[in-house]
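Here is a short tour of one chain, written for someone who likes to know the cut-offs behind each value. Have your viewer ready.

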Amino acid sequence: ALQNQVMASMSEAIVITDLTLPDNPIQYVNDAFVNITGYTSQEVLGKNYRFLFGPGTDPEAIQRLEEAVRGRSETSVELMNYKKDQSSFWNKMSLTCVR
């Protein structure tokens, strides 16, 4: 479908998780996510997004994100995340819950 082609070709990373499953596992990542993080889709599918966190990730930003997930509400946070090679990058993460 056209929407799948659009998501796959975007330069911004897209991650889709399933809040109805235990630990909110990743169900989809686009090519931009793979290019930015260095992880393949096979390495991340079924995992929680927390694997991108590391020593420089702000606990308050994590708390805001997790509260939004629990409340099924929208939010946007900037997080220090970590690539597969352990180098860091700033991630402006926007969360939208689809019902």
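Leaving aside its neighbours within four places in sequence, which residues is N24 in contact with?

## What the model is

This is a predicted model, in which local features need pLDDT of at least 70 and side-chain atom pairs count only at pLDDT 80 or more, while totals for chains, interfaces and linings use all residues. Residues are numbered from 1 along each chain as its sequence is written, and side-chain values use heavy atoms, with hydrogens and water left out.

## Overall fold

The chain has four helices and four strands, where helices (H or I, at least four residues) and strands (E, at least two) are DSSP runs numbered from the N terminus. Along the sequence they follow the pattern α-β-β-α-α-α-β-β. The radius of gyration, taken over C-alpha atoms, is 13 Å, close to the 13 Å that the globule rule gives for 99 residues, so the chain is as compact as a globular protein of that length. That rule is 2.2 Å times the number of residues to the power 0.38.

The C-alpha atoms fill a box of roughly 40 × 35 × 20 Å along the principal axes. Of the 99 residues, 31% are buried, meaning under 20% relative accessible area with a 1.4 Å probe, protein chains only.

N24 is in contact (heavy atoms within 4.5 Å) with T17, D18, L19, K47, N48, Y49 and V69, leaving aside neighbours within four places in sequence. N24 counts as buried because its relative accessibility is 8%.

A68 belongs to helix α4 (residues 59–71), and it counts as buried because its relative accessibility is 5%. Not counting residues up to four places away in sequence, A68 touches S73, T75 and L95. From A68 to T40 is 28 residues in sequence and 27 Å in space, C-alpha to C-alpha.

Technical notes: Buried means under 20% relative accessible area, exposed over 50%, partly exposed in between (1.4 Å probe, protein chains only).
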